[in-house]
Amino acid sequence: MSWFDFIVLILSSFRLTRLIVFDEITAVLRKPFLEISYQTNEAGQLVRNVDIKGSGWRYRIGLLLSCYWCVGIWSTILLFSFYVWIPLSFPLHIILAIAGAAALIESKLYVE
């Protein structure tokens with residue numbers, strides 16, 4: 001694996017993880033398992049509250065989807081598996097990596 005491929009995999013894993021855990025477009029996937037609400041704290045910052053729904057497997061999937069680090073591991077496993085076994089998936093990695101780098105740049109621009 002080249003350094004370029006390694007960096008692409010890091011950025012694509014970052015972006016896929018954020019897509020699954022936080023982005024509005026994937027809220028439909030999280031909705032059966034999580035209830036997400038927002039409150040403003042004393043400092044005026046918006047705080048994300050996550051309540052896990054159900055029991056059994058539904059609860060376990062909710063736990064997984066609410067944990068950025070957990071989803072990150074599974075996203076990395078999925079993307080690395082694609083990289084190894086489906087080389088034609090590399091354009092997907094590139095797209096996610098570019099979006100991941102853009103997200104990092106965007107987040108640094110708005111830090112106060």
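In this predicted model, the largest pocket is lined by Phe22, Glu24, Ala27, Arg30, Lys31, Leu34, Glu35, Ile36, Tyr38, Arg48 and Lys53. The space inside the largest pocket comes to about 190 Å³. Two elements give two or more residues to this lining: helix H2, residues 27-30, and strand E1, residues 34-40. The top contributor is E1, with four residues.

Phe22, one of the residues lining the largest pocket, also belongs to an aromatic cluster, in which ring pairs link Phe22 with Tyr68 and Trp69. In the whole structure, a search finds five aromatic pairs. One of them joins Trp3 and Phe6, with an edge-to-face arrangement. Both residues sit in helix H1, and because they are three residues apart, about one helical turn separates them. Another pair is formed by Tyr83 and Phe90, which counts as tilted because the planes of the two rings stand at 55 degrees, and only pairs with planes over 60 degrees apart would be edge-to-face. The geometry of these two pairs is set out below.

| Pair | Centre to centre | Angle between planes | Class |
|---|---|---|---|
| Trp3 and Phe6 | 5.8 Å | 85 degrees | edge-to-face |
| Tyr83 and Phe90 | 6.1 Å | 55 degrees | tilted |

Trp3 and Phe6 are also found in a nonpolar surface patch of about 1,200 Å². Helix H1, residues 3-21, and helix H4, residues 68-85, each supply at least two residues of the patch. H1 has the largest share, four residues.

Taken by element, H1 holds the pair of Trp3 and Phe6 and gives four residues to the nonpolar patch. E1, for its part, gives four residues to the lining of the largest pocket.

Notes: Residues are numbered from 1 along each chain as its sequence is written. This is a predicted model: local features need pLDDT of at least 70, side-chain atom pairs count only at pLDDT 80 or more; totals for chains, interfaces and linings use all residues. Side-chain values use heavy atoms; hydrogens and water are left out. Patches are made of residues with over 30% relative accessible area and no salt bridge: like charges are joined within 9 Å, nonpolar side chains (Val, Leu, Ile, Met, Phe, Trp, Tyr) within 5 Å. Accessible areas come from the Shrake-Rupley method with a 1.4 Å probe; for residues, only the protein chains shown count as cover. A salt bridge is a side-chain nitrogen of Lys or Arg within 4 Å of a carboxyl oxygen of Asp or Glu. Rings of Phe, Tyr and Trp (its six-membered ring) pair if their centres lie within 6.5 Å; planes under 30 degrees apart count as stacked, over 60 as edge-to-face and the rest as tilted. On a 1 Å grid over the protein atoms alone, a cavity is a set of points where a 1.4 Å probe fits but cannot get out, and a pocket is an open set with protein on both sides within 12 Å along at least five of seven lines; lining residues have an atom within 4 Å of a point. Grid points are joined across faces, edges and corners, and a volume is the space filled by probe spheres set on the points.
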